[in-house]
Amino acid sequence: MITGASSGIGKGIALEIASRGAHLGLLARREELLNEIVGEATAHNVKAVAAAADVRDIEAVRAAADRFRKELGPIDVMIANAGIGTSDHATRLTPEHAANVIGINVLGAVNSVGAVLPEMVERGQGRLVAISSLAAYRGLAKSAAYCASKAAVTAYFESLRIDLRQTGVGVTIIHPGFIKTDLTSGRESKMPYLMELEAGVKKIVAGIEKEKAIYAFPWQLATIVRASMLMPPAMYDWIAARNSFRE
Ligand SMILES: NC(=O)c1ccc[n+]([C@@H]2O[C@H](COP(=O)([O-])OP(=O)(O)OC[C@H]3O[C@@H](n4cnc5c(N)ncnc54)[C@H](OP(=O)(O)O)[C@@H]3O)[C@@H](O)[C@H]2O)c1
């Protein structure tokens, strides 16, 4: 089951794992795009089901997961990928806009977990995957809602990983750097180590297959971001203000 499967990283993961023989439960709002991906995936002789749903709507997400189970069998892996970006400066960021980002990126992932976890625990197997971001580690310019949402997703899944240790259900948190998708389009010059979609998707799928607890890439940017966590606030703010990747 992949949320946010209609474009970008979610679509890329869907087609990559279909080519390896995985059946797909695809969830997003744009049904016509999902149906096109179902067509492409089934060319690999796998089954694929599209369910149009908004991840903010818990009943719709539950209904989609029920349909996937009914038509495809038990859900082995749930990838909580649906997400939106934001580039508002603090002085223009409204509470409504921030709530929408947090609603989709955080509560959407929480709803997706809720729709699959009871059955995974009952079966004693399964994997929950969060597509978080390197933006989860520290605040960034013009990214308050986005960074807050990704930090929350990471902390949520990390806590789940601890609780689920003895259940047979694993948790993988992916922290990608910049990948070329609709979410990053138009800002290429400001994004260090920007990756092609195919390369990014292959790294994400490898991280899931290796059942990594946390996987951050590309290593160059992941190292810089992790090192920045040791910087005192004044030094970090000076550097972060001069390296905005938002317009
Ligand atoms: N691209 C990057 O550089 C990058 C880096 C780090 C992390 N990420 C994360 O990767 C994930 C995918 O992003 P992307 O770059 O692939 O962007 P994208 O191409 O814009 O894809 C976003 C996906 O999320 C879905 N979505 C958005 N709101 C939704 C909602 N309310 N309910 C259900 N689905 C919803 C969209 O489908 P519909 O519009 O059809 O609903 C779409 O399939 C996001 O969580 C993003 O934060 C991306």
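What volume does the second largest pocket have? In this predicted model, the volume of that pocket is about 590 Å³. Its lining is made up of 24 residues, and the closest to the centre are Ile17, Ala22, His23, Asp76 and Val77. Helix H6 gives the most, with three residues. By residue class, the lining of the second largest pocket holds 14 nonpolar, five polar and five charged residues.

The structure also holds one cavity of 30 Å³ or more. The largest cavity has a volume of about 60 Å³. Two helices, H4 (95–123) and H5 (144–163), each supply at least two of the lining residues. Helix H4 gives the most, with four residues. Six residues of the cavity lining are nonpolar, five are polar and one is charged.

On the surface, Met235, Trp238 and Ile239 form a nonpolar patch. Together these three residues have about 320 Å² of accessible area. Ile239 is part of helix H8, which spans residues 233–242. The relative accessible area of Ile239 is 33%, so this residue counts as partly exposed.

Some backbone features fall in loops. Phe217 and Pro218 are joined by a cis peptide bond, with omega at about -10°. Pro218 sits in the loop between strand E7 (214–217) and helix H7 (219–228).

Asn45 is not a glycine, yet its phi is positive, at about 65°. Its loop runs between helix H2 (31–42) and strand E3 (48–52). Asn45 is exposed because its relative accessible area is 72%, above the 50% cut-off. Lys142, also a residue other than glycine, has a positive phi near 50°. Lys142 lies in the loop between E5 and H5. With a relative accessibility of 24%, Lys142 is therefore classed as partly exposed.

Methods. Residues are numbered from 1 along each chain as its sequence is written. This is a predicted model: local features need pLDDT of at least 70, side-chain atom pairs count only at pLDDT 80 or more; totals for chains, interfaces and linings use all residues. Side-chain values use heavy atoms; hydrogens and water are left out. Patches are made of residues with over 30% relative accessible area and no salt bridge: like charges are joined within 9 Å, nonpolar side chains (Val, Leu, Ile, Met, Phe, Trp, Tyr) within 5 Å. Accessible areas come from the Shrake-Rupley method with a 1.4 Å probe; for residues, only the protein chains shown count as cover. A salt bridge is a side-chain nitrogen of Lys or Arg within 4 Å of a carboxyl oxygen of Asp or Glu. Buried means under 20% relative accessible area, exposed over 50%, partly exposed in between (1.4 Å probe, protein chains only). On a 1 Å grid over the protein atoms alone, a cavity is a set of points where a 1.4 Å probe fits but cannot get out, and a pocket is an open set with protein on both sides within 12 Å along at least five of seven lines; lining residues have an atom within 4 Å of a point. Grid points are joined across faces, edges and corners, and a volume is the space filled by probe spheres set on the points. Ala, Val, Leu, Ile, Met, Phe, Trp, Tyr, Cys and Pro count as nonpolar, Asp, Glu, Lys and Arg as charged, and the others, Gly among them, as polar.
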